[in-house]
Amino acid sequence: MSETIVVRQEGAVLQAEISAPPMNLLGPELVRDLVSLIQQAEGDKSIKVLVFKSADPDYFIPHVDVTKIKEYRAEAAKLTGEPSIALLFRHLSASRLVSIAQIAGRVRAAGSEFVLACDMRFAARESAVFGQIESALGVAPGAGGTQHLTRLMGRGRALEVILSSQDYDATLAEKYGWINRALPVAELDDFVRALAQRIAKFPADGLATVKQRVNAIALAPIEDFRRDSDLFGEGVVKPDAQQRMRAALQRGLQTRAAELELGRMLGELA
């Protein structure tokens with residue numbers, strides 16, 4: 001049973017639809033259910049592929065719930081033994097399970113870091129919006145964004161994305177390497193389903209070995225994720241970060257209407 005994730009099994013593929021109203025914020029309930037889903041899927045040898053999507057057309061995961069940082073970190077510790085969503089996400093990257101993010105709507109900050117932790121990312125060209133917004137609030141990305149984006153994009157583009165805290169559409173995200181492909185929304189579901197089912201037909205040991213070898217080249221060491229998590233935890237309690245989060249909340253942070261254009265709003269913070 002899950003309050004925030006609707007799960008449907010299709011053979012060796014597990015379809016996981018995020019449904020955490022009002023806007024899929026990454027709070028303690030969603031982290032709790034992600035932990036449970038990963039544990040159960042890893043324990044079921046019949047499952048080879050996890051596909052994550054959102055029930056909300058406007059929001060995939062916009063970011064963490066900034067009012068419940070301690071609580072969601074405590075839920076993450078139930079999987080990794082440490083209060084860190086960075087280590088939770090890295091666990092998913094290192095898992096034997098093949099994970100695919102099917103993205104429509106906004107995916108920013110820890111939401112971006114979650115889809116980056118997935119093995120592949122495919123996005124709706126018309127509606128997907130990406131952002132790594134922590135710099136606007138006075139902190140560094142804490143759940144793997146710096147590690148993944150630098151490896152995928154290169155130094156210059158990673159710095160542009162992280163330091164600007166700007167919104168990027170799916171076309172530019174594809175060009176920069178943030179995602180595998182941007183597809184028309186009408187084609188996205190069929191494409192991802194066919195890919196997931198194709199991969200799920202192949203031997204599990206071979207899939208796991210390929211992931212291990214690719215991760216040996218491209219996945220940052222766990223110590224780097226731990227360090228980013230610690231820096232975020234230290235930075236978010238500093239007076240300047242607290243002041244900027246209060247100002248953003250006053251301007252509508254964590255409300256559906258304001259976050260449709262969050263990149264613009266963050267650029268206007270005093």
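**Strand S2 and its partners**

Author: Ala16 stands opposite Phe52 in S3. The chain crosses from S2 to S3 by way of helix H1 (residues 28–43), and this β-α-β crossover is right-handed. Right-handed means that, with the strands pointing away from the viewer, the path from the first strand over the helix to the second runs clockwise. Helices (H or I, at least four residues) and strands (E, at least two) are DSSP runs, numbered from the N terminus.

This is a predicted model: local features need pLDDT of at least 70, side-chain atom pairs count only at pLDDT 80 or more, and totals for chains, interfaces and linings use all residues. Residues are numbered from 1 along each chain as its sequence is written, and side-chain values use heavy atoms, with hydrogens and water left out.

Now the pairing. S2 and strand S3 (residues 49–54) run parallel, joined by six bridges. Strands pair if DSSP finds at least two bridges between them. Strand S1 (residues 5–10) runs antiparallel to S2, and six bridges join them. Arg8 has Gln15 in S2 as its bridge partner. S1 and S2 form a hairpin, with two residues between them. Gly11 in that turn has a positive phi of about 65°.

How covered is strand S2 (residues 13–18)? Five of its six residues are buried. Buried means under 20% relative accessible area, exposed over 50%, and partly exposed in between (1.4 Å probe, protein chains only).

Back to the helix. Glu29 is found in H1. Glu29 is partly exposed, because its relative accessible area is 33%.
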